[in-house]
Amino acid sequence: MATHSTGARSSLMTPVVSAYWKTGAMALRHPSFLDLETLLSQAEYHNVDVPVAQDIVETTARKRSGGGKAGIGPLALNGSAGTDVQFQSTYSLAPREKATVSKVIDGLIHEKAVSVNPAGESALTKDALVEIEGTARITAASVMSKLFFVFRRLMLERDIDDLSELANLDANDADVAQAIQRVYLHNELLPLPMLLEITDSPLPHKVYINVRPGYFIDEASADCLEGDMRILGSVYRLVPQDEYRVTDEWLLHGWEFMMRRIMMVQVQDDLREVTQQLNRLGLDVPDDDVHAYISGPAVVLDAVALY
């Protein structure tokens with residue numbers, strides 16, 4: 001593989017060419033979600049060659065900063081570069097960039113930097129890279145997070161600063177009903193991290209994926225995350241047997257830290273009532289799903305790529 005970098009760039013990026021890249025690779029991946037900066041940082045750390053990596057990072061960063069989706073479902077409008085659009089954003093990858101992404105992942109796997117489909121009692125450590133296959137499902141915590149986002153927005157609009165007033169936000173209130181319908185029925189895309197549960201994976205414990213907003217590719221979005229997929233991610237949280245991890249960073253995303261702590265004290269009971277209200281609206285939220293906490297043994301992966 002020839003290298004065309006010269007001068008200062010050559011001194012910063014010395015390509016490491018693997019023979020594996022010359023003998024073939026796996027199938028081309030088509031990611032629906034990709035944190036390219038993190039992927040390329042992992043490649044640099046593990047001495048995996050990336051053709052003109054700096055150009056790819058700069059191009060993708062520019063695309064992400066100017067591609068905010070603001071609106072409802074397929075009718076979303078594009079936000080202009082530099083604006084603070086409080087909705088999910090997407091960006092595009094050219095075919096050549098998709099090939100680069102696949103080669104980088106192949107290279108990481110070849111260099112044994114990624115544990116592929118670890119099974120049994122495989123030892124997982126914080127920040128380790130893992131690729132697993134399974135069936136993804138959005139957890140109740142993420143379904144509920146949209147409702148708390150709506151409540152927070154309504155509290156700001158109505159200048160409410162007392163948490164007790166949350167109990168007075170009635171689903172029959174016209175503003176509340178309209179806001180809930182925009183999110184749950186008309187697919188308003190919100191800037192919220194998603195917590196997915198992965199079933200049918202080779203790991204013996206529960207597997208969850210933290211999917212941050214702003215890294216979706218093309219028409220993909222947080223409402224298209226369920227189903228069979230492969231996940232490349234780094235170990236974000238390990239929850240041992242008989243221990244728990246609260247879900248406030250997903251459930252109450254955007255709320256002030258101390259307010260989150262106050263709310264989480266009683267949120268489990270509140271969530272049961274919210275679940276009943278959502279079921280009355282025709283939304284099926286399982287009672288035994290993840291609500292206020294994750295019970296161990298479990299692992300939470302921070303998504304780098306979904307494909």
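Predicted model: local features only at pLDDT ≥ 70, side-chain atom pairs only at ≥ 80, totals over all residues.
1. E249 is buried, with a relative accessible area of 15%; here buried means under 20% relative accessible area, exposed over 50%, and partly exposed in between (1.4 Å probe, protein chains only).

2. Residues are numbered from 1 along each chain as its sequence is written, and side-chain values use heavy atoms, with hydrogens and water left out.

3. Searching the whole structure gives eight salt bridges. One of them is worth a look for its setting: R29 pairs with D106, with the closest N and O atoms 2.8 Å apart. This pair links distant parts of the chain, as R29 sits in the loop between α2 (19-22) and β1 (33-34) and D106 in helix α5 (residues 95-110), 77 residues apart. Helices (H or I, at least four residues) and strands (E, at least two) are DSSP runs, numbered from the N terminus. R29 is buried, with a relative accessible area of 2%, and D106 is buried with a value of 2%.

4. Please also check R212 and D302, whose side chains form a salt bridge at 3.5 Å, N to O. Here too distant parts of the chain are linked: R212 lies in the loop between β8 (206-211) and β9 (216-217), D302 in strand β13 (residues 298-306), and 90 residues separate them. R212 is partly exposed at 24% relative accessibility, whereas D302 is buried at 18%. D35 joins R212 and D302 in a network of salt bridges.

5. Now to helix α3 (residues 36-45), where L36, L39, L40, Q42 and A43 are buried. Viewed down the axis of α3, these buried residues fall within an arc of 155 degrees, so they line one face of the helix; the arc is that of the directions from the helix axis to the C-beta atoms. E44 and Y45 are exposed, on the face of α3 turned away from its buried side.

Methods. Salt bridge = Lys/Arg side-chain N within 4 Å of Asp/Glu carboxyl O.
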